[in-house]
Amino acid sequence: MPSNKSVSDAPIVQFTNCRILRDHQLQREDLWVREGKILNPEKLFFDEKGSADVQLDCKDSIIAPGFIDVQINGGFGVDFSLATDDFKSGIDLVSQKILSHGVTSFCPTLVTSPPSVYHQVLPQISVRNGGAHGAGILGAHLEGPFISKEKKGAHPEHCLRTFEAGAFQDLLATYGSLDCVQIVTLAPEMRRSSEVIRELTKQGICVSLGHSVANLSQAEEAVQHGATFITHLFNAMLPFHHRDPGIVGLLTSDKIPAGRRVFYGMISDGIHTNPAALRIAHRAHPKGLVLVTDAIAGMGLAPGRHTLGQQVVEIDGLNTYIAGTKTLSGSVATMDTCVRHFQEATGCSVETALEAASLHPAQLLGIEHKKGTLNYDSDADFLMLNDSLYVQATYIAGEEVWRQDLSGM
């Protein structure tokens with residue numbers, strides 16, 4: 001077939017015999033990729049008179065956008081909240097290993113730490129594209145230290161801080177720099193939090209509400225100042241109460257500014273959130289649900305003792321506790337497990353489950369024009385999955401970066 005190369009000499013790959021998640025539906029179409037982007041085949045045929053250089057038979061797989069994990073504390077023995085000499089090799093290891101979970105982009109997350117840790121670690125995190133080396137880094141998620149003592153969860157109390165006069169300068173001094181920061185989790189009931197939320201939002205940083213005893217009106221005020229996310233809904237916040245539903249009430253609040261959407265993270269690992277609570281949240285506000293792993297260094301390792309920043313954590317099956325307590329501390333769930341559990345627990349469609357781990361986190365971060373969808377001209381970061389939503393292959397920028405090894409099966 002003639003191939004007009006006037007537009008680009010790069011090879012065109014056509015993925016055939018697949019069902020593509022596009023416009024919230026699985027559609028039986030082919031996927032066309034060139035130079036790391038998803039192509040519009042009509043333009044290719046009619047404007048360029050072009051055709052595919054390579055055809056790949058997907059054997060009836062589902063093709064979905066790559067998963068985006070906006071809250072992951074580490075994994076495989078690596079703890080993002082520990083300042084180590086080989087921090088960079090640690091983050092590289094995690095970004096490589098999570099490709100098998102279908103994660104193509106992530107926000108390395110630091111829990112409450114002393115200022116010295118932020119000053120050492122943050123300069124070593126750089127926003128970068130994904131590839132064969134591993135999932136892309138979208139920027140850091142700083143969870144704390146400006147959070148509530150009552151709802152600190154697994155965060156070390158001696159490192160917690162409040163906002164003093166010159167609150168934003170206080171935050172800057174604590175973190176050292178905001179250059180690579182994508183999300184900050186804080187407690188909105190803290191004095192002077194409003195000015196901090198406004199300033200962070202002005203700098204393009206997503207503000208998330210969490211580890212908090214805020215009532216609903218405090219949470220609504222934070223959203224009016226620019227907050228757009230809730231960190232692991234139901235966990236580390238006041239429980240829902242019918243007279244004051246607290247942060248949870250944001251899911252059905254009528255005080256959200258027009259044109260704005262509040263998103264909320266859910267740890268769908270079967271441990272952190274009862275399936276009934278998952279169903280309540282999903283039915284109340286399906287378009288805001290963002291699946292997160294909240295995975296810690298022990299993810300991918302055998303049960304035993306591991307770290308979460310300044311604390312020692314014990315893993316017992318799928319439960320992780322601060323050593324010697326029954327305080328839950330992150331999860332050891334993988335993103336693909338969370339997607340399957342979410343679909344099973346809520347009975348939602350396959351499309352809905354996949355979008356909670358791809359489209360919604362991309363919308364939260366304002367990057368849905370290039371990530372989280374398979375729209376034309378978006379980044380060709382995608383997964384091949386079977387009907388049970390097990391990942392068979394992971395692609396970044398149109399290149400295969402991981403494939404399930406079937407030889408031993």
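I began with a definition: a salt bridge is a side-chain nitrogen of Lys or Arg within 4 Å of a carboxyl oxygen of Asp or Glu.

**Entry 1: the model**

I noted that this is a predicted model, in which local features need pLDDT of at least 70 and side-chain atom pairs count only at pLDDT 80 or more, while totals for chains, interfaces and linings use all residues. Residues are numbered from 1 along each chain as its sequence is written, and side-chain values use heavy atoms, with hydrogens and water left out.

**Entry 2: salt bridges**

How many salt bridges does the structure hold? I found 15 salt bridges.

I looked up Asp336 and found a salt bridge to Arg340, with the closest N and O atoms 3.3 Å apart. The two are four residues apart in helix 8 (residues 335-346), so about one helical turn separates them. Helices here are DSSP runs of H or I with at least four residues, strands are runs of E with at least two, and both are numbered from the N terminus. I also noted the general rule: an α-helix has 3.6 residues a turn, so residues three or four places apart point the same way.

Are Asp336 and Arg340 buried or exposed? Asp336 is buried, with a relative accessible area of 10%, and Arg340 is buried at 16%. Buried means under 20% relative accessible area, exposed means over 50%, and partly exposed lies in between (1.4 Å probe, protein chains only).

I then turned to Glu48 and Arg34, whose side chains meet in a salt bridge (2.9 Å, N to O). This pair links distant parts of the chain: Glu48 lies in the loop between helix 1 (41-46) and strand 5 (54-65), and Arg34 lies in strand 3 (residues 31-34), 14 residues apart. Both Glu48 and Arg34 are buried.

Glu400 forms a salt bridge with Arg403, with the closest N and O atoms 2.9 Å apart. Here Glu400 is partly exposed at 41% relative accessible area, and Arg403 is partly exposed at 42%.

I also recorded a network of salt bridges that links Arg19, Arg28, Asp60 and Asp387.

**Entry 3: helix 4**

Which residues of helix 4 (residues 167-175) are buried? I listed Ala167, Phe168, Asp170, Leu171, Thr174 and Tyr175. Seen down the helix axis, these buried residues fall within an arc of 155°, so they line one face of helix 4. The arc is that of the directions from the helix axis to the C-beta atoms.

The buried residues pack against helix 3 (115-121), strand 11 (140-143), strand 12 (181-186) and helix 5 (193-202), where contact means heavy atoms within 4.5 Å. After helix 4 comes Gly176, whose phi is positive, near 90°.
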